[in-house]
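Welcome, and please get your viewer ready. We will go from one selection to the next and look at what is there.

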Amino acid sequence: MNITMNDVILLGHATFGILGTLSALWVFVEALNAREENATRIRMGVTAVPISLCVACILGGYWYLHFYPAEKAIILQGPWTFAHNLFMETKEHLFFITLILALYLPIAAAEKLYANASARMMVLCVALMIVITGVAIEGAGAIVDHGVKVALLRAHVKGAPVEGDRPE
Amino acid sequence: MSDYCRLGRAKSAFALAAAITILFNTALACAKDVHRPLSRFMGSVAGHNWTTQGLVDLILFFGLGLVLTKAGWAGRIEPGRLISLVVAAVVVGSVGLVAWYALF
C-alpha cells in the first residue's frame, strides 16, 4: 500500500469539509426545534462547524498550493478542462463564502435561540446556506477528481503519459 | 421591538459584515481574473493570490464586524431585512462566481 502525504491531506480536506457540512445540518435540525433542553447541543454544533471548516480550509489550501498544480496540468490536457476552468475555480472561491458563514454561525447562535425568534431564523438560514454551499463544494471536488481520472484514462488508452503525470 | 425579535448589536453587525465580505469576495475573484497585475500583487503579498484573498476576507469580516458593533447602528436594522440581506448576498455571490467562470 502506497499512501502519500498528498493523499492524506486531500482526503482529510474532504473529510473535514463533509463533517462541517453535516454539523451545519445538525445545527439546522436542532434550531428547528430550539428549546432549553437542546441549547447545549446547538452550542456544540455551532462550535463544530467553524472548527471543521477551518481545518478543511487549511488542509485544502496546503494541498491546493503544493499538489494541485500537477493535477491541473493533467486536467487541462484531458477532455474535461471544465473540471478546472469552471468547477475548481468556482470551488476555491465559493469556499470563502461558506467559511465566512461558518465563522458567523457561532455569533448568530450566541444567545438562547429558544428565546429569540430572529436569532433562530438567522441561524436556520445561515446553517442551511452552509449545507447547500458545502454540498456544492463537495460535488465540485468530485468533478475535479474525475477530470484527472478521465485525462489519465485517455492518456493510458492512447499509450502516452500526460504532462504532470506522477511516476509510479 | 421586543427582545424576542431583536437580533442584538454584535449579531446584526457581523451579519452585515458577512454580507459585505461575501459580495466583496466575489467581486475580488472577478477583478483579479480580469486585472492580472492585481493577481500578481496579491500573489506577492502572501505567496499566492488565493491565500491573500482568504486573509483579506477574514480581516474584512472581523474588522468590519467589530467596527459596526462599536458604531451600533447595525443593531437598529430590522432583523428580517438583515436575514434577507445575508441570504441575497450568498445567492448573488455564489451565482455570480458560477456565472463568471462559466461565461468568461
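In which crossing, left-handed or right-handed, does helix 1 of chain A pass helix 5 of chain A? Before you turn the view, a word on the ground rules. This is a predicted model, in which local features need pLDDT of at least 70, side-chain atom pairs count only at pLDDT 80 or more, and totals for chains, interfaces and linings use all residues. Residues are numbered from 1 along each chain as its sequence is written, chains are lettered from A and ligands numbered from 1 in the order in which they are written, and side-chain values use heavy atoms, with hydrogens and water left out.

**Stop 1: two helices of chain A**

Select residues 5-32 (helix 1) and residues 117-158 (helix 5) of chain A. Helices here are DSSP runs of H or I with at least four residues, and strands are runs of E with at least two, numbered from the N terminus. The two helices pack at about 150°, with axes 8 Å apart; axes are lines fitted to C-alpha atoms over the stretch in contact, and angles run from 0 to 180 degrees between N-to-C directions. Helix 1 of chain A is therefore roughly antiparallel to helix 5 of chain A (the term is for angles over 145 degrees). The crossing is left-handed: the near helix is turned anticlockwise from the far one by less than a right angle.

Now show side chains. The contact residues divide into 15 nonpolar, 3 polar and 2 charged. Here Ala, Val, Leu, Ile, Met, Phe, Trp, Tyr, Cys and Pro count as nonpolar, Asp, Glu, Lys and Arg as charged, and the others, Gly among them, as polar.

**Stop 2: where the chains meet**

Next, show both chains. In chain A, 32 residues are in contact with 37 residues of chain B. The chains bury about 2,900 Å² between them, 78% of it on carbon and sulfur atoms (buried area is the accessible area, with a 1.4 Å probe, that two parts lose on being put together, summed over both). Select His93(A), Phe96(A) and Ile100(A): they supply 21% of the area that chain A buries against chain B, more than any other three residues.

**Stop 3: chain B**

Finally, select chain B, which has 4 helices and 0 strands. Pick out helix 2 (residues 36-46) and helix 3 (residues 49-71), whose axes come within 7 Å and cross at roughly 80°. These helices of chain B are therefore roughly perpendicular to each other (65 to 115 degrees). Met42(B) and Leu55(B) are among the residues making this contact.

Definitions and conventions: Parallel < 35°, antiparallel > 145°, perpendicular 65-115°, else oblique. Contact = heavy atoms within 4.5 Å.
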